Amino acid sequence: MAKPAPGCFTLQKRKRLLLIFVAICFSVAVFFCFRGTLDTCDFRRDSVAASVAVAMDMARNLPPDGNLEKNPLDFMRSKLVLLVSHELSLSGGPLLLMELAFLLRNVGARVIWITYQKPAEENEVIHTLEHKMMNRGLQVLSAKSQEAIDTALKADMIVLNTAVTGKWLDVVLKKHLSQVLSKILWWIHEMRGHYFKLDYVKHLPFVAAAMIDSYTTAEYWKNRTQERLGIHMPKTYAVHLGNSKELMEIAEDYLAQRVLREHIRESLGVRSEDLLIAIINSVSRGKGQDLFLQSFYESLQLIREQKFEVPAIHAVVVGSDMNAQTKFEGELRNFVARQGIQDKVHFVNKTLTIAPYLAAIDVLVQNSQSGTGSLHYSPPRARSCIMLFWRSLSYHQENQGRGECFGRITIEAMSFQLPVLGTAAGGTTEIIVDGLTGLLHPVGKEGVGPLAKNIVTLATHVERRLSMGKEGYRRVKERFMEHHMSERIASVFKQVLQNRSA
């Protein structure tokens, strides 16, 4: 039997040491943030987060284990690409565009980044992310500078990220629209109704193409723009996303997962045998944390009433903002306090690195909803009256049933062999195979009861939970890897460039 190459064990050891270092950094960060006061953990958390980012970058730059395969984006070598983001934050859209930027840099493209909406005051998140990009070879320009205009005129391709960036065309490039529209690829991630404004998307019919994260969302945009705005979509491509190589390395490293799992659970104060059910999204009404917590509370009631023998169950809400808690998050915390489940619900600050939490939990909930609503709580007179909580929860009819455009966190969780409980709407239905890789439930308050029952089902059927996790991992490997996404994006880029030169 052939012996492994001499450097293999050294490489694996380096990777594992770096991953353990990441885990320790996270444990320290979470320790300070959860054991200390919310107001005093910011500096420590930011410092440790910076250390984690450095460690992850070190791991990312390790040499590959085998021979490199031809990158489908190689044809972009030496091309000038301008990326325009509506904001720079830890939310899905900007982070996804950053990932595309790194993919392009890896093949030798010249990549320039512009953030259209930036706060006037200094922002630590923006500062950190901009330096992360510059360290990877990107150039960051002011959105309204002459240099930005010159770059747009010279660029081989311009990628507008999200519908909101349409305003940048009018504010900055109004005099040059005829020169740039033919090389704009508009990458759209939204399904919320308030993005369908003519001020945002009036130039959409004239750009080279649109790229949307799911077939469901692409069809929705086609119908909405025509029916509501009286405009037509350009050539539109549905492009499913894929998991990064860095995430998959951790997901497939048993030692790294075990270390991360132990440290995160210790920081949360839960035991190794406890069942953790998490929702990982920015905390906002559209992501459905309110409905999830109601379902979680009902699942506890069902388990108690049916006298099921299950491990202690905890809910983890990752995506909080401990520096500036919103009114909505205040409602979530008030609900938890009134139901007396503070010891079972854990709020975790938003983070750029979610792998430790995916390693630590047992089930992911993807509960993205359809629009905005108002939640008001009235204390129930009896437990049977708990659904009175939802009589004042209303969703605009035009916003119902859309769910998540794609939901990157869904495939990330599946890569960690986690079953996913998702809303039966939007791109989630293109990822989850109901009953095989997870379970689906309706959007809105109609989904509260079904989600509660699905939580109980996975809590009481360990083998089914594990089987769904394995099937989800298999589906990710077949459809949702980074090389799948690169191939799909490369196909779109080629067609846009060919159409320009024709």
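**Entry 1: confidence**

I began with the confidence of this predicted model: the protein averages a pLDDT of 84, and 79% of the residues score at least 70 (pLDDT is the predictor's confidence in each residue, from 0 to 100). Over residues 1-10 I found pLDDT below 50, and this stretch has one contact beyond near neighbours in sequence (contact means heavy atoms within 4.5 Å). I also noted residues 371-401, where pLDDT stays under 50 and the model has 61 contacts beyond four places in sequence.

My ground rules: residues are numbered from 1 along each chain as its sequence is written, and side-chain values use heavy atoms, with hydrogens and water left out. As this is a predicted model, local features need pLDDT of at least 70 and side-chain atom pairs count only at pLDDT 80 or more, while totals for chains, interfaces and linings use all residues.

**Entry 2: the sheet**

Next I traced an open sheet of six strands, in the order β10-β9-β8-β11-β12-β13, with parallel pairing. For naming, helices (H or I, at least four residues) and strands (E, at least two) are DSSP runs numbered from the N terminus, and two strands pair if DSSP finds at least two bridges between them. The edge strands are β10 (345-349) and β13 (438-441), each pairing on one side only. From one strand to the next I read an average twist of 20°.

I then looked at β9 (residues 313-320), which runs parallel to β10 and is joined to that strand by five bridges. In β10, F347 is the bridge partner of V317. Helix α13 (residues 327-339) lies across β9 and β10, at about 155° to β10 (axes are lines fitted to C-alpha atoms, for helices over the stretch in contact, and angles run from 0 to 180 degrees between N-to-C directions).

**Entry 3: helix α9**

Which residues of α9 are buried? I listed T217, A218, Y220, W221, R224 and T225 (buried means under 20% relative accessible area, exposed over 50%, partly exposed in between, with a 1.4 Å probe and protein chains only). Down the axis of α9 they fall within an arc of 160°, so they line one face of the helix (the arc is that of the directions from the helix axis to the C-beta atoms). These buried residues pack against β5 (184-188), α8 (198-201), β6 (209-212) and β7 (236-238). On the other side of α9, I found Y215 and E227 exposed. G230 follows α9 with a positive phi, near 70°.

**Entry 4: helix α17**

Last, in α17 I found R465, M468, G469, G472, R475 and V476 buried. They cover an arc of only 125° around the axis, which puts them on the same side of α17. The face turned away from this buried side carries the exposed residues E463, K470 and E478.
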